[in-house]
Amino acid sequence: MASSRLLLLVAASLLCGAVPLISASSRNTRLPASSLPGGASTPNTTVDSAGGGKVYTKVCDATRFAGLGLDMAAFPYCNASLPYAERVRDLVGWMTVEEKVGNLGDLSRGAPRVGLPPYRWWAEALHGVASTGPATLFDDVGAKNHSGRVAVNNATVFANVINSAASFNETLWKSIGQAVSTEARAMYNLGKGGLTYWSPNINVVRDPRWGRALETPGEDPYVVGRYAVNFVRGMQDVPGHDGDGDPFSRPIKTSTCCKHYAAYDLDNWLNHTRFDYDARVTERDMVETFLRPFEMCVREGDASSVMCSFNLVNGVPACTDARLLSQTIRGDWQLHGYIVSDCDAVQVIADDIKWLNYTGAEAGAAALKAGLDLDCGQAWKVKDGKMIGDYLSMYGMTAVAEGKMRESDIDNALKNQFMTLMRVGYFDDIPQYASLNETDICTDEHKSLALDGARQGMVLLKNENSMLPLDPKKIGAIAVHGPHVEAPESVMDGGYTGPPCRYVTPREGISQDVKISHHANISIYFGGINLHIEMEGNDREDILLPKNQTEEILRVAAASPNPIVLVLLSGGGLDVSFAQNNPKIGAILWAGYPGGEGGNAIADVIFGRCNPGGRLPLTWYKNKYIYQIPMTSMDFRPVPKHGYPGRTYKFYDGPEVLYPFGHGLSYTKFLYETCCNGTTIKMLTAGRHCKELSYNPSASLAAPACPAINVDGHACTETVSFNVSVINGGGRDGAHAVLVYTVPPPEVADAPIKQVAAFRRVFVPAWSTATARFTLNVCRAFGIVERTAYTVVPSGVSTVLVQNGDSSVSFPVKIEFSV
């Protein structure tokens, strides 16, 4: 333990703030894996029982086929010299309709008659390989190697996604994806896991009450999309295979899934649940916010799967909406993979929503025809005396017999599934990952990355009179208080997690630097909320701390001879106005849910080994916000007739918030300079690309001949390049996230107040300057979504704004069109 701690401390000094080098629905109770279709409790790599318990890492193994009494050479789908598409057509061609239907669910039954084993699709890797889902099997703590198989008890648990998002570090996000996928492949090789992971969660946080904010990258659709692109690339990309060529044949390290599509961000609020909620969304908000991260995830990240959500969108269940699935995901965005339902979403259509009074067969057929390829039946359960699961497998034969489902539609779904499994090496393995094993799980490198990721995501909210960092040599002892001093794993790790490599509580982290004593002059209060208050299936009633904590914090602060430090653990924002305004509470640090290394990360920040550089990826509102707008309002812009103040930093026009999006302090001061005084961009366009633009009634200028251009109809090659000098005006090294916003012309009506166009995390030594260079694509950075739902670039003078709490610089960008 001592040597490991030393290694991590060394890593802290090297990596702190620098760029790295490199649950399930509560509807059902999951049955033991041994009782699920597909057989033994060991997941996907032990593909049959015929091989005497041998762990096979690929389907197309001649010995495995021989154990089944089959000749692999007779099946062209196992001929690795053939193109994937031809092999997949051959495999589907061997299967009977009953066998095909049996493979439409996440617990696919395979087709042993032709050598295809069962496969368990559902696994999770939100911020580390998770135990959620039947595909992943962690051994009980203390379990030894047995029957020639290695016991796997743990995996690296990184900080929750909301923490990682606060780092605004794309390199970190990709590195975490690479580390997680390495551990996933190692577990697969050991017979402990699968290759298809239903992560990341890229829903934009629309409302501060949403219980799943901790799983997401925050409230800005561009930032969420960039997180998706980097995490997916980290999970999927195989070196040497990320260039040109057939994207359907590009090998992938593991398969990822962007979820939950679309307009899903309400779980359970005042009798509105995700199982029956109808999200009434304007086309403008769909294009501008709800769909943008998914489009980026598919187009730029090349994600191999998308998960459709439970809710209805404008009266239609998302998983039966052909416009959302077939037209948009597969047609417009060119998905190279499969579409899966959220677990039980097809069942919900028939049993909960009772949409169009569909039977189970009709619900499954409607989803399949809309573009669904795989039905997650969650956990198989007993109903009417028999075990059931996904509705496509359960009612598929009935739907075929009744003429509601075409066999050709089933074929298409299976081709999308099997093509993904071909790409991920399920049939042939991927040679560079074949040797990964237990030594590649919980490595020192991965634990160091988890530690540094947790530190990078911590946000210093308040620091009066530079109370932090504390000097342990001068303090000697510290008093600790609060419910999270000995925070259990569920608090530190958050949701969708596996057992961590090791688990460091806040008390353990602090006690390695100072003595813990009730008679110290400095007190730290570890408070916040937990998964009983915010989690999947549970939205919050308010955004306050529990009342007993508020009272206790005030008592501790009043009794302390010196101001106290308040450390908050939460995913979503908290109204801690009482603490922000209290001089006896000198510093407030938001630690999120920082993962297995969280206690060490907190200590590193409090004692100054790491200069905090995180910035909030969410607006932290005051609690009165929840009385101004119901959670069921899907509008982002203000709605004056109802008195709704709008949502997120892009549109909120209400009273002052507690902490704005992008807020985050440092132990030093960062100032900006730029030499750019402004620029003019002239864009050539044919008249047919011009679009109308909505102007404020007070705008006095005459509308130009071409008010705006349609982004989809333009080449969009124009760019704006500039440098930002980031000056560290203090005596401490530190990392800083530079956020670049664009501000639309002031005369444009209903435009965003500002919007993130780029960001970069830079490391700046004390009293030094670092240069961050940005090149903005004009269409992407200055484009806005008009009320017609067209994405357009407006003519006029927009502004580039680089802003933090200490400094800001800006310059105008005049955009002109020639018709």
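## Secondary structure and valine 556

Helices (H or I, at least four residues) and strands (E, at least two) are DSSP runs, numbered from the N terminus. Under this convention, valine 556 belongs to helix H19, which spans residues 547-559. The model is a predicted one, in which local features need pLDDT of at least 70 and side-chain atom pairs count only at pLDDT 80 or more, whereas totals for chains, interfaces and linings use all residues. Residues are numbered from 1 along each chain as its sequence is written, and side-chain values use heavy atoms, with hydrogens and water left out.

Valine 556 counts as buried because its relative accessibility is 12%; buried means under 20% relative accessible area, exposed over 50%, and partly exposed in between (1.4 Å probe, protein chains only). Leaving aside residues up to four places away in sequence, valine 556 touches His481, Ser523, Tyr525 and Ile564, a contact being heavy atoms within 4.5 Å.

## Nonpolar cores

A nonpolar core is a set of buried Ala, Val, Leu, Ile, Met, Phe, Trp, Tyr and Cys residues joined through side-chain atoms within 4.5 Å. The largest such core has 162 residues, and Tyr77, Trp198, Tyr261, Phe427, Val567 and Ile606 have the most contacts inside it. Helix H14 (residues 407-423) contributes the most to this core, with seven residues. Another core, of 46 residues, lies apart from it and includes Val129, Leu172, Ala186 and Leu801.

## Salt bridges

The structure holds 37 salt bridges, each defined as a side-chain nitrogen of Lys or Arg within 4 Å of a carboxyl oxygen of Asp or Glu. In one of them, lysine 100 and aspartate 411 meet at 2.8 Å, N to O. This pair links distant parts of the chain, with lysine 100 in helix H4 (residues 97-101) and aspartate 411 in helix H14, 311 residues apart. Lysine 100 counts as buried at 6% relative accessibility, and aspartate 411 counts as buried at 17%.

Lysine 192 and aspartate 139 also form a salt bridge (3.1 Å, N to O). Here lysine 192 lies in the loop between helix H6 (170-189) and H7, and aspartate 139 in the loop between strand E2 (119-120) and helix H5 (161-166), 53 residues apart. Lysine 192 is buried at 5% relative accessibility, as is aspartate 139 at 13%.

## Pockets

On a 1 Å grid over the protein atoms alone, a pocket is an open set of points where a 1.4 Å probe fits, with protein on both sides within 12 Å along at least five of seven lines; lining residues have an atom within 4 Å of a point. The largest pocket holds about 1,600 Å³ of space, a volume being the space filled by probe spheres set on the points, which are joined across faces, edges and corners. Its lining comprises 47 residues, of which Val287, Arg292, Glu295, Arg299 and Thr791 lie nearest the centre. Strand E25 gives the most to this lining, with six residues.

The second largest pocket holds about 660 Å³. Its lining has 36 residues, with His663, Gly664, Leu665, Asn804 and Gly805 nearest the centre. Strand E24 supplies the largest share of that lining, three residues.
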